[in-house]
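Subject: Structure handover

Hi there,

Here is the structure I promised to pass on. Have a look, and then read on for what turned up in it.

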Amino acid sequence: MEMAMTVMNVATLQPKPLRPKSPYLLPNPRRVFNFKASSLHNPQVSSIGAPNLVGQFDPTIPIERAVTPPCSWYTDPSFYSLELDTLFYRGWQAAGYTEQIKNPGEFFTCRLGNAEFVVCRDGDGKLQAFHNVCRHHASLLAYGSGRKSCFVCPYHGWTYGLDGSLLKATRITGIQNFNEHEFGLISVKVATWGPFVLLNMEQDVDSDTDIVEKEWLGSSSELLSNNGVDSSLSFVCRRDYMIECNWKVFCDNYLDGGYHVPYAHKGLASGLNLDHYSTTIYEKVSIQKCEGGSTERTNDYDRLGSKALYAFVYPNFMINRYGPWMDTNLVLPLGPRKCQVIFDYYIEPSLMDNRDFIERSLKDSERVQLEDVMLCEGVQRGLESPAYDIGRYAPTVENAMHHFHCLLHKSLKK
């Protein structure tokens, strides 16, 4: 059951842009509240503690009267630590895509906060996931992606099967009170939905597909499936960016309902002739959708198509489906003021051999992303200024952002 919150006909604004990352190329006035000379402190460090910082945002106030979370949510190290523990180390998190582990022996590694993972398909074809940490002296076991018959620690040669069992512990003659069966890799719950691989660090959760779908996507899953978010697309490439901003700054930028597009993405805005733009809020998902794109093309180059869907899956995953393309954006926190954003691109199989179309599309996407990087890093610097504390929402376009902040508050209060 979706929540009854839909905003339509944002005539003067353009929709949220695509935010892919390119493989082949490369090449408002702010209102300051309660500003006093005594507030000229380092905004990155708070003296009141993370739990109290959570309470500085009130999700019960309607968006028309609400203020945004304080800048300390984006700068305070203790708040960042609380987020890792309560947001990212719980619940289902996007980690990769199924094409990475199609065949037995294939694996990929990934990271979430301070946790390192390796996901693989064992010899029997079963999907497995483990903490990517040797049980001997904590070295990382694997890097990148590829295919292996076992995992051999590069430090001292301890060897693990693809099922996580310890196969070989080198030079342990004389060791006492050691049971090799107790020193296998630490497992992590793993599941898939459509083309996506999901991980969950909690051990007492059910990885049944229907249960995972309900918890991760709620009632939005059918809409996503019906709009081409599925496993039929072909993977094109992956690119990633290291951005000097808090992970939530990137999410906020995605969730402003296209507010910034006419001002920051003039090239993109000039090609978007959209009469209707809507945002619909679900339990843990918000979907921005636009209909009726321009049908007047001077050639056959149509990257955006006439329909586009931009889904934000709480807390840090974006799915963008437009024209023949789908791209996903995974925002990984790396500290209070740094994040990594991973872009995966997929395309309809019939266009997989059209290299010119792919290269032009990715070049256009790259341009938009570089513009967003500049915006996000500028916002982070502003958040760290003593002149800024809290802001306001534009109620007709930033309701998805407000929903995101309310979900954060709920999670952090648990």
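Let me start with a question: is Glu384 buried or exposed? Glu384 counts as buried, at 16% relative accessibility (buried means under 20% relative accessible area, exposed over 50%, partly exposed in between, with a 1.4 Å probe and protein chains only).

Before the rest, please note that this is a predicted model, where local features need pLDDT of at least 70 and side-chain atom pairs count only at pLDDT 80 or more, while totals for chains, interfaces and linings use all residues. Residues are numbered from 1 along each chain as its sequence is written, and side-chain values use heavy atoms, with hydrogens and water left out.

Now the salt bridges (a side-chain nitrogen of Lys or Arg within 4 Å of a carboxyl oxygen of Asp or Glu). The count comes to seven. In one of them, Glu384 meets Arg337 at 2.8 Å, N to O. Glu384 lies in the loop between α8 and α9 (399-413) and Arg337 in the loop between β17 (325-335) and β18, so this pair ties together parts 47 residues apart in sequence. Helices (H or I, at least four residues) and strands (E, at least two) are DSSP runs, numbered from the N terminus. Arg337 itself is partly exposed, at 28%.

Another salt bridge joins Arg360 and Asp356, with the closest N and O atoms 3.1 Å apart. Both residues lie in helix α8, four residues apart, or about one turn of the helix. Through shared partners, salt bridges also link Glu244, Arg337 and Glu384 into one network.

Best wishes
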